[in-house]
Every structure is written in structure tokens, then in C-alpha cells.
Amino acid sequence: MSTDPTQSSESDRPPAPKRQSVPVRLRRRLTSWGVHGGAIIGLVALAIMVLGTLYPKPLLVIASMSLGHALGILAGLCYLAAILNDIGAKKN
Amino acid sequence: MSLVGASGLLFAALAALVLLRQLIRQPPIDYRNKLILALGFGLFPLLAAVFSTAHGLKTTTKRSFCGDCHVMSIHVADASDPQSNSLAARHARNPFFGDRNCYVCHADYGMLGYSVTKLNGMKHVLHYYTGGYLEQTPEQALSRLKLYKPYDNTNCRQCHSGLLADWQKVPEHRSLKTQLDNNDVSCASGGCHGFAHPFSKPSQAMDEVSHVH
């Protein structure tokens with residue numbers, strides 16, 4: 001009895017990509033959001049600091065040294081959280 | 001733009017490049033990219049903050065910065081006037097004071113002087129925006145402008161120590177030594193070296209002048 005050469009057996013098929021569980025996919029997405037959100041916040045912080053340097057008027061200098069720094073720290077924390085989240089996702 | 005300010009801008013630009021690359025090209029967050037992002041989120045912004053803060057703090061000591069609040073424009077114009085004989089203007093013509101003359105005279109020289117001076121500067125800004133000064137002309141605001149505490153002779157003594165023979169030869173200096181030390185008599189008073197900003201207190205100036213004569 002001959003077999004149809006066009007029909008491949010189960011063992012010949014390439015293995016299906018391993019489907020990630022929902023928590024892992026969510027964590028990966030959170031990493032991406034953290035980095036992108038942090039980048040946007042970081043760019044706003046940098047813009048405020050640059051404005052304070054280029055146009056040193058009282059309010060801009062104060063904003064540069066307070067709001068600019070606070071947003072910069074927040075951006076750094078977003079990145080840190082994203083990376084820690086990524087490491088956690090890989091461990092799982 | 002000073003070298004410090006330019007350095008701040010350079011590091012801010014480098015950080016912005018890294019962050020924009022991540023937002024636009026969206027490379028995968030692998031080990032190499034994490035290191036690049038660490039520069040964009042950490043090192044470059046940190047250096048940008050350090051240099052921009054140093055530049056900002058230096059800028060806040062300039063006369064033009066003080067003059068940004070319009071109610072100070074009369075003081076700034078007088079200090080910048082090469083023909084003015086006010087105490088402030090005469091000191092501003094000295095290169096040691098130069099375009100930082102407001103700060104050099106009004107800084108607090110105590111142990112925490114720099115921080116205290118900056119905090120008082122913040123109070124000035126707060127009062128400027130919330131105290132109704134915005135609606136007033138410089139002339140209208142002139143009588144409202146006051147120091148938080150009497151001007152400290154210690155500030156004068158950063159340069160005029162009072163230890164040299166020439167200073168001690170002046171009879172008024174000798175007789176008022178205790179009061180000067182205790183800040184009971186101001187060096188910058190009508191009967192002594194004159195008000196630093198005489199136009200700001202014409203009535204007091206006239207009183208003291210008439211009292212002396």
C-alpha cells in the first residue's frame with residue numbers, strides 16, 4: 001500500500017510556535033509601554049530643561065529645575081520598572 | 001551661552017536622540033538596546049540636568065535675571081547707569097560685582113547662605129506672581145518693595161573688612177563700631193554711605209538727610 005507523497009505525516013510538520021500564556025504576553029506589553037511612556041515623559045523633561053537653559057527667565061528656570069527634574073526621574077523610573085518587568089517575564 | 005550651558009544642551013540632545021530612536025524605530029528591547037536605553041534614560045539626562053542646573057543657577061545671579069520681574073526695572077536701570085552715583089551703581093561699576101551686582105550684595109553669606117538666598121528668591125517669584133505686582137507699574141510697586149530683614153552689614157564686610165587702618169581712622173567708624181557689628185546702624189543709611197537705592201525710599205532719605213544736617 002503506497003502513501004500519498006503530498007500528505008505529510010504529523011512528525012514531518014514543523015513544530016507550532018509555542019503560544020505564550022496571557023500573563024507573559026501582558027508583561028511583555030507592559031515592558032513596551034513602560035519604555036515608550038518613559039521615553040515620551042523623558043522627552044518632555046528634556047524639552048523643559050533645554051527651554052530653561054536657552055531662555056533663562058524666572059519661571060522657565062524654576063520649571064527646569066523642578067518639573068524638568070521630576071519628570072526626568074519619573075521617566076527613569078518607568079524605564080527601570082519596564083526592565084525589571086521584562087526580567088521577571090523572562091524568568092517565568 | 002557658557003560652556004556649561006552648551007554641555008547641558010549637548011547631553012540633552014544625545015538623550016533625546018536615544019529616546020526618539022526608540023519611539024520611531026522601535027527596536028526590540030534586547031540586551032544591547034537596554035544598554036543604549038540606559039544611556040538615554042540615565043546617564044545623558046543626568047548629565048544634562050547637572051549642567052543645565054549649574055547654568056541656571058549661575059544665570060540667576062545676573063542683574064538681567066533680576067530685571068526680568070518688571071518691578072525691578074528701576075533698580076536695574078539705576079545700577080546699569082554709568083552716570084548714577086547711587087551706592088548700588090557705584091558698586092556695579094566695580095568688575096568684582098559687574099553684572100552680578102544684585103546677587104553679590106544681597107546674597108546671604110551664612111553657612112547655608114546659598115540655599116537661603118535661593119529660597120528667598122523663590123519667595124520673591126511667588127510674591128511677584130501672587131502679590132498683585134503684575135498689575136502695577138514699577139513706580140507703583142516701588143514703595144511696596146522691601147527686604148525680608150534689615151540689610152546685614154556682614155555683606156558689606158565681605159570686602160570692607162573694617163580691619164584696615166584707613167577704615168579705623170574714620171571717627172564715625174570707631175564710634176559706631178559696636179552698632180555696626182550688631183547691625184543696629186546700617187553702612188547703607190542716609191547719614192553714612194547713603195542708601196543703595198535712594199530713589200526707592202525718597203521720604204526716608206529726605207528725613208535722614210535733614211536729620212544729619
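**Entry 1: ground rules**

I start with a term: helices (H or I, at least four residues) and strands (E, at least two) are DSSP runs, numbered from the N terminus. This is a predicted model, where local features need pLDDT of at least 70, side-chain atom pairs count only at pLDDT 80 or more, and totals for chains, interfaces and linings use all residues. Residues are numbered from 1 along each chain as its sequence is written, chains are lettered from A and ligands numbered from 1 in the order in which they are written, and side-chain values use heavy atoms, without hydrogens and water.

**Entry 2: helix 12 of chain B**

I looked up B:Asp181 and B:Lys177. Both sit in helix 12 (residues 177-181) of chain B, 4 residues apart, about one turn of the helix. A salt bridge here is a side-chain nitrogen of Lys or Arg within 4 Å of a carboxyl oxygen of Asp or Glu. Next I checked burial (buried is under 20% relative accessible area, exposed over 50%, partly exposed in between; 1.4 Å probe, protein chains only). B:Asp181 is partly exposed at 40%. B:Lys177 is partly exposed too, at 34%. Shared partners join B:Arg157, B:Lys177 and B:Asp181 into one network of salt bridges.

**Entry 3: helix 10 of chain B**

I moved to B:Asp166 and B:Lys169, a salt bridge with closest N and O atoms 3.5 Å apart. These two residues are separated by about one helical turn, because they lie 3 residues apart in helix 10 (residues 165-169) of chain B. B:Asp166 is exposed, at 59%. B:Lys169 is exposed, at 58%.

**Entry 4: bridges between the chains**

How many salt bridges does the rule find across the interface of chain A and chain B? I noted 2. One joins the side chains of B:Lys34 and A:Asp86 at 2.7 Å, N to O. A:Lys57 also bridges to B:Asp68, with the closest N and O atoms 3.2 Å apart. A:Lys57 is in the loop between helix 1 and helix 2 of chain A, and B:Asp68 is in the loop between helix 3 (63-66) and helix 4 (73-80) of chain B. A:Lys57 is partly exposed at 45%, and B:Asp68 is partly exposed at 28%. Over all chains, the count is 5 salt bridges.

**Entry 5: the interface**

Chain A and chain B bury about 2500 Å² between them, 80% of it on carbon and sulfur atoms. Buried area is the accessible area (1.4 Å probe) that two parts lose on being put together, summed over both. The contact (heavy atoms within 4.5 Å) takes 29 residues from chain A and 31 from chain B.

**Entry 6: chain A**

Chain A has 3 helices and 0 strands. Buried residues make up 30% of its 92 residues.
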